[in-house]
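Look through the structure below before reading on. The paragraphs that follow take its parts one after another.

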Amino acid sequence: MVPPMSKKKIQKSDNSGHILIGDCVEELSKLEANSVDLIFADPPYNLQLSGELLRPNNSRVDGVDDDWDKFASFAEYDCFNHAWLTEARRVLKDTGTLWVIGSYHNIHRIGATLQDIGFWLLNDVVWRKTNPMPNFRGRRFTNAQETLIWCSKGKNFKHYTFNYEAMKSLNEDIQMRSDWLLPLCTGAERIKRNGRKAHPTQKPETLLQRVILSASNPGDVVLDPFLGSGTTAAVAKNLGRRWIGIERDSNYSDIAAKRITAVTELSQDELKTMQPKRSLPRVPFGNLLERGLIAPGETLYDRVKGVKAQVRADGSLAHGPLTGSIHRIGALAQGAEACNGWTYWYIADAKGDLTSIDILRDQVRKEMN
């Protein structure tokens with residue numbers, strides 16, 4: 001389904017979404033309330049540059065000096081952020097979340113505005129750049145990071161999407177931390193026009209992949225109110241999400257439209273992500289006996305065969321004088337307060353090789369599905 005859109009100033013990229021050309025506050029005000037699942041925003045930094053930034057050899061650094069990044073005062077910048085964030089909160093679903101990225105120039109002011117409006121901060125994620133731009137003047141530390149703030153609509157909006165298992169899988173089965181070590185957008189990914197950067201703050205696709213994979217699901221609507229060169233929409237399309245982009249500069253919107261059109265959407269099988277065990281069908285240990293995968297009287301072992309227990313016909317275990325469930329006996333055998341019996345116990349084949357009973361549970365779940 002194509003996401004809802006404004007009725008004017010539309011540049012349609014393809015069936016996966018739309019680019020709305022115009023002021024972000026005005027265009028956000030035209031969108032339906034509670035219609036967006038995820039918002040990623042890369043607003044103007046308000047860098048307050050006082051002159052050209054030069055390298056030691058006096059060559060000019062191609063930084064951000066566009067009019068869209070200039071504000072007359074901090075008060076004007078705060079008003080701007082309050083306006084677009086208020087509209088962003090209105091269009092965000094109660095189950096949705098918002099991500100906003102910024103540098104030290106602006107992210108702290110935006111964080112205060114988020115809290116003033118009513119957003120509830122979930123995490124701040126530090127993007128540590130593997131290849132940051134050096135501090136050419138040698139008067140400060142090299143600025144090697146940007147900060148992303150992730151928030152829900154409010155303190156009581158707790159049913160937001162977070163694909164914890166997918167992030168853990170992406171991180172070699174280790175819980176993902178809030179510091180992400182990723183390179184800047186360079187090489188073939190960096191879009192150029194006439195040999196120069198087409199957009200000064202183009203974000204790497206790897207950054208957006210983490211954001212979108214972590215906080216949305218295939219078919220969800222992803223909104224970027226400052227679309228720029230189109231990274232958010234390109235990644236959203238590739239990951240099977242619908243998208244809306246708002247961009248006031250027609251040159252940037254042209255670049256984004258061309259880029260998004262060239263993106264291929266992944267198949268449904270390719271888009272499947274790791275799911276938490278609690279979301280899967282419940283399988284009692286007794287089901288393994290009923291299906292003949294384990295027989296009464298068989299022996300279960302821990303993974304080093306240091307502990308063993310006999311299976312009884314009712315699905316309980318006997319360990320010496322102790323009897324109980326796979327979880328209780330696993331805990332008592334270890335002298336622990338609790339135990340996940342599914343991952344603790346194993347069954348041996350005729351050769352003595354061990355197989356986790358959790359694998360047998362997965363087999364039952366596949367049959368159930």
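In what order do the 6 strands of the open sheet stand? The model is a predicted one, and in it the order is β15-β14-β13-β12-β16-β17, with antiparallel pairing. Strands of a sheet pair through backbone hydrogen bonds, in either the parallel or the antiparallel sense. At the edges of this sheet stand β15 (322-324) and β17 (354-356); each has a single partner strand, so one side of each is left without a neighbour in the sheet. On average, neighbouring strands here are turned by 35 degrees against each other, direction ignored.

Strand β14, residues 317-319, is joined to β15 by 3 bridges, and the two run antiparallel. Within this pair, A318 stands opposite T323 of β15.

Helices lie across the strands of this sheet. Helix α10 (residues 326-334) lies across β13 (308-311), β14 and β15, and runs at about 145 degrees to β15. Helix α12 (residues 357-368) lies across β12 (299-301), β16 (346-348) and β17, and its angle to β17 is about 55 degrees.

Now turn to strand β5, residues 120-129. It is joined to strand β6 (residues 145-152) by 8 bridges, and these two strands run antiparallel. W120 has S152 in β6 as its bridge partner. β5 also pairs with strand β7 (residues 179-182), in the parallel sense and over 4 bridges. Here R128 stands opposite L181 of β7.

The next topic is a pair of helices. Two packed helices are described by the angle between their axes and the distance between the axes. For helix α2 (residues 74-91) and helix α3 (residues 107-117), the angle is about 45 degrees and the axes are 10 Å apart. The two helices are therefore oblique to each other, and the crossing of α2 and α3 is right-handed. On the α2 side the contact is made by F74, Y77, D78, N81, H82, L85, T86 and R89, and on the α3 side by R109, I110, T113, L114 and I117. By type, these residues divide into 6 nonpolar, 4 polar and 3 charged. An α-helix has 3.6 residues a turn, so residues three or four places apart point the same way.

Is helix α6 mostly covered or mostly exposed? α6 (residues 231-238) is mostly covered, with 7 of its 8 residues buried. The buried residues are T231, T232, A233, A234, V235, A236 and K237. Just after this helix comes G240, which takes a positive phi of about 75 degrees.

Notes:
Residues numbered from 1 in each chain as written. Predicted model: local features only at pLDDT ≥ 70, side-chain atom pairs only at ≥ 80, totals over all residues. Heavy atoms only, no water. Pairing = 2+ DSSP bridges. Axes fitted to C-alpha atoms, helices over the stretch in contact; angles between N-to-C directions. Contact = heavy atoms within 4.5 Å. Buried < 20%, exposed > 50% of the residue type's maximum accessible area, 1.4 Å probe, protein only. Parallel < 35°, antiparallel > 145°, perpendicular 65-115°, else oblique. Left-handed = near helix turned anticlockwise from the far one by under 90°. Nonpolar A, V, L, I, M, F, W, Y, C, P; charged D, E, K, R; others polar.
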